[in-house]
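This report describes selected helices and residues of the structure shown below.

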Amino acid sequence: MMKKMIHIATAYLTFGLFAGLFYHEAAYYTGFTGESILSVVHTHAIALGALVFFVLPLFMRAFPLQKQKTFVPFVATYNVGLLMTLGFMSGRGVVQLFNLPISSFWDHMIGGLAGIGHVILTVGLYLFVRTLLKAIREVED
């Protein structure tokens, strides 16, 4: 299971590095000088994806996280939330960067779905804290 977390972390790291490179090159190509959500997609992917899943095996080694009923729901929920967040932030950023015409409806929908992704991510973090506290109690007892 720890190996799986490392693979997930590597995937987020790869995506984050690619997103940063894409933003830099696309901004240079288009002459874009404004603010774009795409500029922070790489930091979201690296910090919330790679960093979390590179540190998670350390917690798994120290505490019996995998034995907790909330561990698998945490991993699933957190990944769904982060993928939604990164996906819709990337979509919004591409629209901004390339100055694509988009209706008000689609613009609000993309922003709303990115927000829902953040909410799901928060639920995932709650499940992680709950999982960690249960595992710590199990070790202390």
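Helices are DSSP runs of H or I with at least four residues, numbered from the N terminus, and the expected span of a helix is 1.5 Å times one less than its number of residues. For the 37 residues of H4 that rule gives 54 Å, and the end C-alpha atoms of H4 lie 54 Å apart, which agrees. The model is predicted, so local features need pLDDT of at least 70 and side-chain atom pairs pLDDT 80 or more, whereas totals for chains, interfaces and linings use all residues. Residues are numbered from 1 along each chain as its sequence is written, and side-chain values use heavy atoms, with hydrogens and water left out.

**Helix H4 and Thr 131**

Buried residues (under 20% relative accessible area, with a 1.4 Å probe and protein chains only; exposed is over 50%, and partly exposed lies in between) of H4 include Gly 117, Leu 121, Gly 124, Phe 128 and Thr 131. Helix H2 (41–62) and helix H3 (71–97) are among the elements that cover the buried residues of H4, contact meaning heavy atoms within 4.5 Å. Thr 131 is located in H4, which comprises residues 104–140. Beyond its neighbours within four places in sequence, Thr 131 contacts Leu 65, Gln 68, Thr 70, Phe 71 and Phe 74. The side chains of Thr 131 and Thr 70 are joined by a polar contact of 2.5 Å; such a contact is a pair of N or O atoms within 3.5 Å, where, within protein, one must be able to donate a hydrogen and the other to accept it, and residues adjacent in sequence count only if both atoms are side-chain atoms.

| Residue | Relative accessibility | Class |
|---|---|---|
| Thr 131 | 1% | buried |
| Tyr 23 | 19% | buried |
| Asn 99 | 67% | exposed |

Asn 99 belongs to the loop between H3 and H4. Although not a glycine, Asn 99 has a positive phi of about 50°.

**Packing of H1 and H3**

The axes of helix H1 (residues 2–30) and H3 come within 12 Å and cross at roughly 5°; axes are lines fitted to C-alpha atoms, for helices over the stretch in contact, and angles run from 0 to 180 degrees between N-to-C directions. H1 and H3 are therefore roughly parallel to each other, a term for angles under 35 degrees. Residues making the contact include Phe 15, Phe 22 and Tyr 23 of H1 and Leu 86, Ser 90 and Leu 97 of H3. Tyr 23 lies in H1, and its C-alpha atom is separated by 9.7 Å from that of Ser 90, 67 residues apart along the chain.

Conventions: Helices (H or I, at least four residues) and strands (E, at least two) are DSSP runs, numbered from the N terminus. Angles under 35 degrees count as roughly parallel, over 145 as roughly antiparallel, 65 to 115 as roughly perpendicular and the rest as oblique.
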